[in-house]
Structure formats: C-alpha cells, structure tokens
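Please find my notes on the two-chain model below. They are set out as numbered points, to be read beside the structure.

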Amino acid sequence: MAVVSKKSEAGKIIAEGLWNNNPIFKQVLGICSALAVTNLVLNTIVMCGALVFTLSLSAATVSILRNFTPRNIRMMVETLIIAFYVIIVDVILKAYWPQMSDNLGPYVGLIITNCIVMGRCEAYGNANPPLRAFIDGFFNALGYSFVLLTIAAFREILGMGTFLGIAVPYFSTGWDKWIVMVMPPGAFFMLAIVTWILRSVQISREEKDK
Amino acid sequence: MIRQKRWFAIFYMFVVTAFFSSIVIGFSQFTRERVQANQQIAFERAVLMVLPGMYNPELSQLAMHKRFEDQLSKPDKSSAGAYTLKEKGQITAYALPVSGQGFWAPIKGVIGINADKQMVTGLAFYEQRETPGLGAQIIKTSFRKQFEGKIISLVGKAISIKRPGEKIGVSDVHAVTGATQTCIRVEKIINNAIRNWQEKLEQENQ
C-alpha cells in the first residue's frame, strides 16, 4: 500500500510539473529566458539542461537545509544555493564546451534570476522532503523545457530555415525566411501562440473532467 | 530555539556562504588551466584562420598550436603589434588582433592583412557575446568571407559595412540582417584597429 501511495504521489508531482501546473503556460514563470534563448534549438537544449540541473539540485539542497535555515534569511540562502549551481554549470561549459559558453553568453548566469527556480525552492523545496523536492524541481524544469523547445523549433525553422543548424527541406530553399522570428518580437508572438494553444487544450480537458 | 537567535542567522549565513564558496573556488581552480588553454586555442585558431593557407579545420588542437608556434613571429615594434607570417625571411602576411565594445560585451578578433598592407586576407572572431542567431552571426563564414580581398588603403573608412542588398565597392561588405548594432560596432572596431596600426607603422618607418 505504501509503495502504491508513494508511486501515486510521485506521479502527481510529475503531472503537476509537466502539465497541470506547467511553469510557462500556467504559472507564467521564467518568461524572460523563454523569450531570450529560443531563437536556436541547440542553445535552448543546453539552456534547458542547465535549468534541469540547477532547479532539481537547488530544490533538493534547500529542502535538506530547511530545518536549519532561519526563516528571516531563507531567501538569501536560497539565492546563494541557486547561484552556486549556476556557477558550476557556467564553469563546466567554459572548461569543456567553450563554443556553447560563447553562444549562450550572459544567459547561463541569468538562470539565477529565473523565477521558476526561486519559485519552486520557496513554494515546494522549503516545505517538503529532499526526494520530493528533487522530483518536483526536475519535472517543473522539464515542463519548462518542452514549451521552450517547441517555441525554439518553430522560431529556428521559420526564421532561419534550419533545425539544430541543419538545413530543413523547403524552409532553407523555397521559403522566404521570416527574420522577425529570430528577433525578439518573434519570441513574443510564438510564446503567445503556444500559451494560447496549450491553455485552450488544458481548459477544454478540465471542462470535460467536470 | 537557537534558530530564532539573531546571532545564529549571521553565523549560519557565514557558514553556508563559506561552504558553497569554497566548493566553487576549488572547482574553478581545478578547471582554470583548461579554461585558459581554451582561450589560447581560440585565439591561435583565429590567427591561423585569417592567414592564407594556414588554417586546416581537420588539424588537431595540438597540431594547430604547433603550427602557430613554429610558423608565426610574435608581434614586435616593426610589425606594430601584429603577428607576422614569414617565408624566407620576408613577411608574407600580418595578423592584427582587434578588440572593442560590441552590442552586449567586448568583441575580440583578428584581421589578416597581406604583405603590402593594402588588402584584407581574412577576419575571425575568438570572443563575442552578441545575440545568438543575430549579432552572433558575425562568426559565421558567410559574413567573414566577405572581408577577404577588400582594400583597406583607400581614403576614409578602411572598411564599410553596408545594409544588406545595397551596392558595395572594393572596401565594402554587407551587414548581417537584423544585427545592425553589432555590425556598426564591428565596423568601428576594425577601422580603429587598422588606422592605429597604419599610424604606428608610419611612425616606425620614419
């Protein structure tokens, strides 16, 4: 019984992070990076990997320290923990993947200010055991990643005619490239369209379930 | 409870900061040599890329470093700060390091100039933090290749970066679409570096 209960608990956390309470289209968190890094799919994949690493480990660390951290300084401690993991990612990229470090520029450092990370650490990591906090962080980051990758795929194909830098038939030759898609306004258009579609699906499912 | 004491918050913050900082410092030290080596390799690759017949993308990093060390002369007064490629004691090309403020952060690169100091042999960047997909396109071959063969000895700007589609002359190239600000800065960086270099060479010759 206990195993089934634990499994259903984990399933609930996963469903919340990926769909029911998705950080981008439901909680509307982490929009800044959703706009900034989605003009190339490869950059988006690396950014999402960095966020999965940072968010899951930050939430688990915040959870481990939750019984010792004084309430009045908890947000300072959370910021410190998040910054720690982000710097580790930044150093790894600089040392082992310098090309990608150059491509992402300042955006890796800006994960520290990503609202999803602080939001999940504060809302969930601070009040739940480490394993649950880790799972919550991991799947919230995956929920963020799938929306970002959808946006990035459309922006790169329509704006540059490529996917992961590889020419896409028709879009790289016959298609009149929509330069606006790789520029900042393109991110706003795509984010609005993706949010609109996913929220519509979500609302119609909720109404069916009633 | 001890957690509610005022001194505990200060003590706790200090301990947590010291713990995480020491890990970061240790990890940075561990990778420091590798990061520095990456920066040096990027620079050496950029220098070789702008010199005719020197760059081969299939070369290993070690072979590239060896080629850089063996075949290039370090900058001196007579080359006014440029690396030189020599053949039988005669300079065949210059590789001039250029740098300046980009749209977001400094841009660093190398411009190759032929032996008579009239023509560009190549342009490469080894450090930039421009917008991915837009300004960062300056590192793409399609943009850089345009500089090869451009004349820098005419009066006025050494190189002009014109709007895409505009008619271009012997010293002009086309900008990257959607990256006007980066291109304006690249033009300024290149022209300042070339003019300073030409002035220094003139002073050396006097």
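1. How many helices and strands does the secondary structure of chain A come to? There are eight helices and two strands, counted as DSSP runs numbered from the N terminus, with at least four residues (H or I) for a helix and at least two (E) for a strand. Along the sequence the pattern is α-α-α-α-α-α-α-β-β-α.

2. The model is predicted: local features need pLDDT of at least 70 and side-chain atom pairs count only at pLDDT 80 or more, while totals for chains, interfaces and linings use all residues. Residues are numbered from 1 along each chain as its sequence is written, with chains lettered from A and ligands numbered from 1 in the order in which they are written.

3. Along the principal axes, the C-alpha atoms of chain A fill a box of roughly 60 × 50 × 30 Å.

4. Buried residues make up 41% of the 210 residues in chain A. A residue is buried if 20 or more other C-beta atoms lie within 10 Å of its own, exposed if 12 or fewer, and partly exposed in between, with C-beta atoms placed from the backbone. Of the contacts in chain A with a separation of 6 or more, 74% are between residues 24 or more positions apart; a contact means C-beta atoms, placed from the backbone, within 7 Å.

5. Helix H8 of chain A (residues 184-209) has 26 residues and spans 38 Å from first to last C-alpha, close to the 38 Å expected at 1.5 Å a residue. That expected span is 1.5 Å times one less than the number of residues. A:Gly186, A:Ala187, A:Met190 and A:Leu191 are buried in H8(A). The buried residues of H8(A) pack against helices H2 (31-36) and H7 (130-160) of chain A.

6. Two loop residues of chain A deserve a look. A:Asn39 sits between H2 and helix H3 (41-65) and is buried, with 26 other C-beta atoms within 10 Å. Its C-alpha is 9.4 Å from that of A:Ile157, 118 residues apart along the chain. A:Tyr170 lies between strand S2 (166-167) and H8 of chain A, and counts as exposed with 10 C-beta neighbours inside 10 Å. Phi of A:Tyr170 is positive, near 70 degrees. Most residues other than glycine have a negative phi.

7. Chain B holds an open sheet of five strands in the order S1-S2-S3-S4-S5, with antiparallel pairing; strands pair if DSSP finds at least two bridges between them. Strand S1 (72-73) and S5 of chain B are the edge strands, each pairing on one side only. Even so, seven of the eight residues of S5(B) (residues 120-127) are buried, so the strand is largely enclosed by the rest of the structure.

8. Strand S4 (residues 106-114) of chain B runs antiparallel to S5(B), joined by six bridges. B:Gly112 stands opposite B:Gly122, and B:Ile113 has B:Val120 as its bridge partner. Five residues lie between the two strands of this hairpin, and B:Lys117 in the turn has a positive phi of about 60 degrees.

Methods
Two residues are in contact if their C-beta atoms, placed from the backbone, lie within 7 Å.
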